[in-house]
Amino acid sequence: MKKLLLFGLITISSLMLAQIPTGYYDGTSGLTGAALKTKLSQIITNGHSDMGYGSGTGGLWTAYFTTDVDNYYEKDGTVLDMYSENPNPSINGAVNDSYEYKLGQVSAGGNQCGNGKNYENSCYNREHSLPKSFFGGINATPMANDAHFVIPTDYYVNNKRGNMLYGETNSPIQTFTNGSKIGISSFPGYSGTVFEPIDEFKGDLARMWLYFVTRYEAKLVDFYNLNISGSPFDGSTYNGYQQWIINMLLKWSKNDPVSQREIDRNNAVYNFQGNRNPFIDHPEFIEEIWTSTLSTTNINNLVTWSLYPNPVKNKVLFFTGKELQKIKKIEIYNISGKLISTYETPFFKENFIQLNNIDKGVYILKIENTSQKFIVE
Ligand SMILES: [Ca+2]
Ligand SMILES: [Ca+2]
Ligand SMILES: [Ca+2]
């Protein structure tokens with residue numbers, strides 16, 4: 001009986017650790033847009049302890065023993081490396097990955113780097129899925145040490161990726177063993193060289209990136225002002241990233257929904273550093289923030305458009321783009337996410353809209369699932 005009771009207690013406590021703490025998201029109901037994002041930023045900043053980067057042991061090296069273990073594919077307790085894991089079912093139990101890494105230092109029988117080699121399968125290291133150069137480098141804490149987006153990956157693939165943005169490419173220059181690739185971006189809005197992860201992990205990485213611009217919302221303008229070539233940020237606190245990146249992250253997140261692996265990872269990181277990724281707990285927050293106003297989203301069928309001048313002069317806002325006449329509706333929101341005005345079929349005859357009764361300030365203009373910040377002077 002005593003044993004049973006003890007077993008029961010252990011089961012209950014591990015269940016509690018594996019769930020969203022009661023009240024964690026209190027204060028978010030009814031919020032959308034920037035207001036929701038800012039509230040989440042407060043929630044996930046509170047309780048976040050910087051556990052350090054680690055040197056040999058400690059910090060992120062320690063986190064990975066609970067956050068990134070393969071209990072899902074080979075289920076062999078090796079490192080779950082998103083740059084080398086091949087999720088296709090193995091035949092007759094045969095390992096289908098080109099290689100696997102054991103957790104821990106070499107001296108303890110693990111495959112932690114160390115000095116990596118110029119090919120895959122030499123060791124795993126720590127990859128800032130959002131490259132650290134864009135937020136100030138390895139000494140910029142707590143970002144550099146944040147297990148929510150700093151992940152264990154193959155040294156060589158990590159090195160080849162460098163500080164490329166994640167993206168999609170139709171013309172790979174290099175393809176790695178699990179199908180991750182490097183090439184010129186084919187995603188509308190960007191033409192630089194990108195790193196495309198495999199479909200299995202696109203949603204995981206998208207939710208990590210969305211976590212970043214939420215947790216570090218208060219620092220985004222500073223990151224933008226670092227003026228790093230290729231920076232993903234747009235200088236706004238609300239959107240965080242350039243619009244093409246938001247479009248892509250929303251698409252990835254939708255096409256690769258939250259998996260058990262991500263739920264477990266979120267719980268493990270929470271136990272490690274004390275804060276959560278809200279977009280794993282509540283994936284609906286993503287659209288409530290970045291496309292809060294839309295009844296339907298059609299991420300794969302974007303109308304391309306841009307507005308000018310910005311800041312707006314004389315309350316007239318001009319547009320350029322492909323097939324503008326197909327745009328059915330424009331909505332303008334203030335920075336708190338409140339709808340200010342709506343224009344139906346605005347470009348039936350003209351390529352501009354007249355802004356009436358609008359105060360000076362920053363606004364967000366939305367067309368379908370795309371948006372652009374603009375300033376009225
Ligand atoms: Ca594996
Ligand atoms: Ca595998
Ligand atoms: Ca996934």
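**Close-up views of a predicted model**

View 1. The model shown is predicted. Along its principal axes, the C-alpha trace spans about 70 × 55 × 40 Å. Buried residues account for 39% of the 377 residues. Now take the contacts between residues at least 6 apart in sequence: 59% of these join residues at least 24 apart.

**View 2. The domain assignment gives domain 1 and domain 2.** Domain 1 is written in pieces: 30-163, 201-221 and 234-290. Domain 2 covers 305-376. The domain centres, taken over C-alpha atoms, are separated by 35 Å.

**View 3. Domain 1 touches domain 2.** The contact takes 10 residues from domain 1 and nine residues from domain 2. Look for helices α2 (33-45) and α7 (243-255) on the domain 1 side. Each of these helices supplies at least two residues of that side. What kinds of residue make up the side of domain 1 that touches domain 2? Four are nonpolar and six are polar, with no charged residues.

**View 4. Four strands form an open sheet.** The strand order is β3-β6-β5-β4. Pairing in this sheet is mixed. Which strands stand at the edges? They are β3 (165-166) and β4 (169-175). Each has a single partner strand, so one side of each is left without a neighbour in the sheet.

**View 5. Strands β5 and β6 run antiparallel.** Strand β5 holds residues 181-185, and strand β6 holds residues 193-196. Four bridges join the two strands.

**View 6. Strands β9 and β10 form a hairpin.** Strand β9 (residues 329-334) pairs with strand β10 (residues 339-344) in the antiparallel sense. The pairing extends over five bridges. Lys329 stands opposite Glu344 in β10. How many residues lie between the strands of this hairpin? There are four. Find Gly337 in the hairpin: this glycine takes a positive phi near 90 degrees.

Terms used. Residues numbered from 1 in each chain as written. Chains lettered and ligands numbered in written order. Predicted model: local features only at pLDDT ≥ 70, side-chain atom pairs only at ≥ 80, totals over all residues. Pairing = 2+ DSSP bridges. Buried ≥ 20, exposed ≤ 12 C-beta atoms within 10 Å, placed from the backbone. Contact = placed C-beta atoms within 7 Å. Domains from an automatic or database assignment. Nonpolar A, V, L, I, M, F, W, Y, C, P; charged D, E, K, R; others polar.
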